[in-house]
Structures are given as C-alpha cells and as structure tokens.
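This report describes selected features of the backbone and of the packing of helices and strands. Please keep the structure in view while reading.

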Amino acid sequence: MSKHTRLKLKRLLAAVLAGTMLLGSTACRTPEEFYHEVILGETSGNGKKTSKKDKDKDKEEKTTEGDTTSSVPEDDPVDYATEENAEFQALLEEYFMNGITSDTLSYNSLVKHRDSFPEAEAEMEVATLGDPRMDKDAVAESKEKDEDFYNRLMEFEDVTLTEDETFTFKTLKDEYERNMKLYDNIYFYEPFSPMRGEQENLTSNFVDFPFDDKKDVDDYVAFSAQVRDYFDTLIEFEYEKSDAGYFMNDAVADKVIDQCDEFIKNKEDHVLIESFDEKIDAVDFLSDEEKASYKEQNKSNVLDVIIPAYEDLKAAIEELKGTGKNDKGLCFYDGGKDYYAEYVYPKYSGSSKTPEEEAEYMDDRWDKLITDMSSLYYSNPEGYDWYVEHSDEAFEKYDSMDISDLVTELQENYMDKYPIEGTIPFEIKYMSDSVSKISETTMAYYQICPVDDPNFNQIVVNPTYTTDRFNTLAHEGTPGHMFQFWYFRNTNPNPARSLAFNLGYIEGWAVYSSNYLLKEETLDTGSDYDDFVGKLCQIDTDLGYLMMGRIDIGVNYEGWDVDQVAEYLTGKVNEGKEQEVAEDMMTTVTGDPGAYLSYTTGFYEMEELRLYAEDELGSKFDEKEFHKAVLDAGPCQFKFLREKIDEYIRENR
C-alpha cells in the first residue's frame, strides 16, 4: 500500500469513526471482558459474562472441593532422550546447509564469517542467484527432493529424541506438509507480485549486500550479470500461467509495470550504480585502480543487464495484460479457496484457526474497537477532534529525535519487562536519496542478524519519513524484530531453527510488543489530551491492521468485490474517496494474498496467548517470564508456541 494511500486510509478511518459516533454506543467491554466473551466464549448462568473476579473465586472454590479443572493440558510424562540423535542431527545439518547455500544473497545475509561453516563456504565458491526454473520438469524435480527429505524426516517420528529435537521435528514436519500444497497449485505462485516479487525486492537485496572482503565484491559483480537470464526464466513462467488462465489481473499488472518504470528511469544515475560506488569507496581492502575497475564492471551490468531485465519484464507484462481471467480474489479460481485456507492463510498468519473463525473474531474485534472509540468520543469530544486534526503531532517529541538516539532511548527505558541485560549493539543505515525514492513506501526495516553473529544488527531508515518513528522503530528495533532475533540467536539454537521464518510469529511479536509499548507510553502532545490521545492511537493502530487482515480474508476467501471492500470501510454504500482506497486495497490483497495476515492475525495470536496465560496464572503471571517463554521458543506456528506457553504455565502455578 502506497504512502499516499495510507494517508487517505487514515483520513477515511477518522471519518468512519466520526460517523460511527452518531449511531450511539453500547456498554463498553474491557479487554479482559472481551477476552472472556469473544475468545473463551464464557458466560455466567444468567447469560451474563463471567468476570475475572468471579472466575478466580470459582477456581478457589473448585480447588477447595478437590476440583483442579484447568484449560491447560496435563503434563503427560514424555520420555525425552538425554543425548542428541546423531542421525537426526545430520539431517538437520543437511536442511541447514541446503537453506544457506541456495543462493549467494541468502548465504551472505545469514553467514557473516566465512570460517563459520567451511562446507557451505566451499559450496558457495561460485556466485549464484539460485535456480529460477519453473517449468514442469524443474517443479517435479523440486517436489521430488522435498518429498524425499520429508520421508527421511518422518523416519524419526517414533524415535525418542531430546526435547529440543522433538520440537524441531514437529516444526519441520508441519512446514513441509504445508509447503507441499504449493506443488499442486503451482500457478497460484506469482514471482513478480507487487510486494513480494523479485522486481520489488531486488533493489534492497542488492543495496544491502555487504562488502566485507574482495570476494563479496566479486560475487556481487558475478550475480549481477545473471539478472537478465534469471528474470527471463521467470517471464517464461508468466506466459505459461497466462496460457493456463492464471495471469495477474490488470490492476496488479499496472502496479508491476509502474515498478519497472520507476526502476529503469535515471539510467546513468541509477540507484544500483550510486549505491555500489558509495560502498566501494568506503572499503579499505581495494586499491584505487581496483575500485575504478569494479565500478566500471558494475555500471556495465546495470546498464546492459539489469535495466534490460526490467525492460523485458515490463514488455512481457504489457503484452500479457488482459489475459488474466480473474480480477477478484483467490477463491474465484478453481481450488483457490482451499489453497487459501490450507496454504496461504496458515503460512502467513501462523494460526491454526480457520479463515471463518478468524473473520468472525475480526468482526467482533471491530465492533469492540468501535465501541471503545465511541466511548472515548463521548467522554471527550474536544480531545477526539484534536486527534483527528493533529494525530501526526502526537509523537512529535520522538519524530524530532535523532534516529540512533531514539533506538537507544527505546532500549534503555522501555525494556524492563523483557528478558534482556545490557543493550543490543546496532547500527543505523540511512537510505541514499536514490534508494529512498525507489523505496518510498518503506519507513524502515531491520536487517536480520546473521546466524553466526547476533551482535551484527542494522536498521535501515528512510530519511524522508519524519512521522510515526516511535512505533516504527519499536516494531523494527526494540522490543520488536531486532530484539527477537538477537535474543533467539543468543539462545544458541540448532542452526536449522535459525532458518525458521514463520511470519505470523515474527510480525506478530513485533506488532504485539510495539503495541504494548504504546499502551505504556506517556505522550507529550503539547495539548491537554495526552492520555486521551494515547488511547486513541492504540485503537487507531489496531483498526488499521484489522482492516487489512479482514479485507484479505474477505476478498480471497469470502469473495468480496471492490464495492464490498468499500462498504466494509464505510459501513454504507460507497461514494467518494473510499472507493479509491478500496480499489488500492483490492489490488494489494489480490496481488499479494495473505501479506497482512502476518501482522494482523499474528498480533491477535500473540495477544491471545498472553491473555490465556494471565487468566491461568492470575497473580502469579509475570510479564517478563511470559515474554521469555515466547522468545525462547523462536519462530514457529502458534500451535507449537501454545505448547511452550502451556509448559510455562504449568511450571509457574
């Protein structure tokens, strides 16, 4: 979603909420009541909600009577091995090696020091972008390899393993069983989608590629020369998709064409020329002559290989535009609804709920948030009006801070409820002018620390953004992504677990932790409404995530069209600006199905686990220990994280 659209959505959201105030309000439920009523579905005998106080009293009475009923499963004895299984460890090493050596970009981002994994280093002697082939033979070969690994993995299903090995086995089994569904629906895969596509991510992948030694530079020049062949192979797949009736819709095609146009302009001053020259000038292991030679090689690759690759892509998309058979969601394809439910939804959300269950939860949450907003409005109409007009000023104190100082501030003053001692080393990198222009929708992002060096942390910042820095850097830095990866890497997990990129867990943690930080922050808005505005900011942020997640399910699973999206946004027949926003959001969720579920549903799953633990432990709940249990588990599907939280609850009763 573009920067312009986010602004329109924010204004539209304010209008939606203001209109809702006219409808009156019902009694507002607290978050705790909402958890019991919506999540647990609990009511008292007379149809009223059972309050936590009453429930605690009931628990005490049941305990007195000898009834220790709990929703936490009993800790059935498990016969874990006391020593690691050598054969299983060998299989995990194979999995890890395959993961880090699939291409040079992956290897370079995951491995900092060349002597960390000698076998991998030897295998990566020749630089490569990986194998992009998507023809039937290549897909069949890839499927066969995955099936072979899965079958060898399943040989350990009834083998007694250590506790850590058992957890790793379950997570890998689940991953492979889910990913195998892609092979039966290969035409749903889109290599050039607007958000996740090769053309969108190439710039950041290339710009972020570090030059630590001469081989890094040689590798970069080598794989840069492969871009056109790489793209052309995937373009062939686009023609195959078109023939089969699965080509992208026209709105998505236009988005990809626009991205290509943006990339290929300013050829002589191209971002991949300027960024390369900047990095080369900064190194101290090359002579001036070598630097000049590398600059010429790179410029030639950009002008003669990479830009022509984007021109090839643009020409192909323009030629194929109009051949798509579906301008709506996945569910309008044959098998698309099942594919969304069985692959897209669990892959990106991490949830074991069904899309129907999640949609119902989101609708209930929407009603709850609107009710909360209504209550706030009626309690302070002037404060609400101030927020609508001045919301961008709510965090002006932080927006005016130096970025590095703000990240340090977050570490030093907001981490008392998280398992951390000291501070995390980090570096702030600012996008160059050319990079910031081509990455206009990105405020900042965290570069995941290498497997072998958790203290190498970088946050890349777009300097053109001067608002929303507090929430963004809490999400990308601490207690968000930088903290979660730094922490888990420092638990010394099996390297195979370091390849886990369960997006629901990863983004869910970042949204959850930054949202809880927002609840505790005391704003200094320069107005008389600091506490009031803070509460509105929480609801506003929640509603923004909720909208995108709900629309994704609505379009791709329930079959909403653009008019239904607009009606959802406004609660009435659409007219005016909301139609334009709806069209943009429709393009987003049809171009990249599931993309926002990682943020929305991932957050809700994290929050639900916290409320569950609080409910079970009562006064024994410790926020820091809960966070430790979540972070110790590392990226995984939420059904497995639930097992770890159950274990935490049993140990702390």
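Predicted model: local features only at pLDDT ≥ 70, side-chain atom pairs only at ≥ 80, totals over all residues.

In general, the strands of a sheet pair through backbone hydrogen bonds, and the pairing is either parallel or antiparallel. Strand 2 and strand 3 (residues 458-461) run antiparallel and are joined by 4 bridges. Within this part of the sheet, Tyr445 lies opposite Val460 of strand 3.

## A helix with a bend

Helix 14 comprises 33 residues (288-320). The distance from its first C-alpha to its last is 47 Å, close to the 48 Å expected at 1.5 Å a residue. Where does helix 14 bend? The bend is at Val302 and amounts to about 40°. Just after helix 14 comes Gly322, whose phi is positive, at about 100°.

Helix 28 (residues 623-633) and helix 29 (residues 638-651) have axes that come within 9 Å and cross at roughly 140°. Angles over 145 degrees would count as roughly antiparallel; helix 28 and helix 29 are therefore oblique to each other. Their crossing is right-handed. On the side of helix 28, the contact is made by Glu625, Phe626, Ala629, Val630 and Ala633. Helix 29 contributes Leu641, Lys644, Ile645 and Tyr648. An α-helix has 3.6 residues a turn, so residues three or four places apart point the same way.

## Backbone details in loops

Two further backbone features deserve attention. The peptide bond that joins Thr478 and Pro479 is cis, and Pro479 is found in the loop between helix 21 (469-476) and helix 22 (481-489). Asn266 has a positive phi although it is not a glycine. This residue, Asn266, is found in the loop between helix 12 (250-264) and helix 13 (271-282).

| Residue or bond | Backbone angle |
|---|---|
| Thr478 and Pro479 | omega of about 10° |

Terms used
Residues numbered from 1 in each chain as written. Heavy atoms only, no water. Helix = DSSP H or I, 4+ residues; strand = E, 2+ residues; numbered from the N terminus. Expected span 1.5 Å × (residues − 1). Bend = angle between axes of the 7 residues up to and from the residue. Pairing = 2+ DSSP bridges. Axes fitted to C-alpha atoms, helices over the stretch in contact; angles between N-to-C directions. Parallel < 35°, antiparallel > 145°, perpendicular 65-115°, else oblique. Left-handed = near helix turned anticlockwise from the far one by under 90°. Contact = heavy atoms within 4.5 Å.
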